[in-house]
Amino acid sequence: MGETIFAKIIRKEIPADIVFENEKVLAFKDIKPQAPVHVLIIPKDTGIPTVSDLSSSKHSELLGAMIDAANQIAKDFGVSEKGFRLVMNCGADAGQEVYHLHMHLFGGRKMNWPPG
Ligand code: 5GP
């Protein structure tokens, strides 16, 4: 599978509103926000297209780093107390559009359940 737009964002070749960064993880605002807070949390490793490519033996540290980032971002945006939602779309039926692993963080409004 070819390179995605997220690889260009990681290399800072195209602009993004970056809200968190460390050696493993980058997070930036979604270009089409679906909630007052909508942030994408991605690994800097460009070799993981989707959740199906993850395993605990190889990726437990990365997954921990993504969750740590999510908790930090939720605090920074003031949604930690009221609540927020993390979503990882995996594959076509889930509506995954970008095949670079990512976690959506939604917050700032009441979420519906079940999701659409
Ligand atoms: P998916 O449907 O794959 O789970 O989510 C991909 C998300 O990436 C979508 O919510 C979409 O709006 C967002 N997105 C796609 N291209 C860009 C971009 O160039 N910049 C930013 N900030 N978000 C993007």
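This is a predicted model: local features need pLDDT of at least 70, side-chain atom pairs count only at pLDDT 80 or more; totals for chains, interfaces and linings use all residues.
Figure 1. Helix α1 contributes the largest share of the shell around the ligand, namely 3 residues. The shell comprises 16 residues, among which Lys29, Asp30, Glu97, His102 and His104 come nearest to the ligand. By class, 7 residues of this shell are nonpolar, 5 are polar and 4 are charged.

Figure 2. A backbone N or O atom of glutamate 97 is placed 2.6 Å from an oxygen atom of the ligand, and a backbone N or O atom of isoleucine 31 lies 3.3 Å from a ligand nitrogen atom. In histidine 102, an N or O atom of the side chain is 2.7 Å from an oxygen atom of the ligand. The ligand taken alone exposes 520 Å², of which the protein buries 86%.

**Figure 3. Position of the ligand in the largest pocket.** The largest pocket holds the ligand. Two or more residues of the shell around the ligand are given by each of the elements α1 (5–10) and β2 (25–29). The volume of the largest pocket is about 870 Å³.

**Figure 4. Lining of the largest pocket.** A total of 33 residues line the largest pocket, and Asp30, Gln34, His38, His104 and Phe106 lie nearest its centre. At least two lining residues come from each of α1, β2, β3 (37–43), β4 (84–87) and β5 (103–107). Helix α1 gives the most to this lining, with 3 residues. The lining divides into 17 nonpolar, 9 polar and 7 charged residues.

Definitions and conventions:
Residues are numbered from 1 along each chain as its sequence is written. Side-chain values use heavy atoms; hydrogens and water are left out. A residue is near a molecule or strand if one of its heavy atoms lies within 4 Å of it. A polar contact is a pair of N or O atoms within 3.5 Å; within protein, one must be able to donate a hydrogen and the other to accept it, and residues adjacent in sequence count only if both atoms are side-chain atoms. Accessible areas come from the Shrake-Rupley method with a 1.4 Å probe; for residues, only the protein chains shown count as cover. On a 1 Å grid over the protein atoms alone, a cavity is a set of points where a 1.4 Å probe fits but cannot get out, and a pocket is an open set with protein on both sides within 12 Å along at least five of seven lines; lining residues have an atom within 4 Å of a point. A molecule sits in a cavity or pocket if more than half of its atoms lie within 2 Å of its grid points. Helices (H or I, at least four residues) and strands (E, at least two) are DSSP runs, numbered from the N terminus. Ala, Val, Leu, Ile, Met, Phe, Trp, Tyr, Cys and Pro count as nonpolar, Asp, Glu, Lys and Arg as charged, and the others, Gly among them, as polar. Grid points are joined across faces, edges and corners, and a volume is the space filled by probe spheres set on the points.
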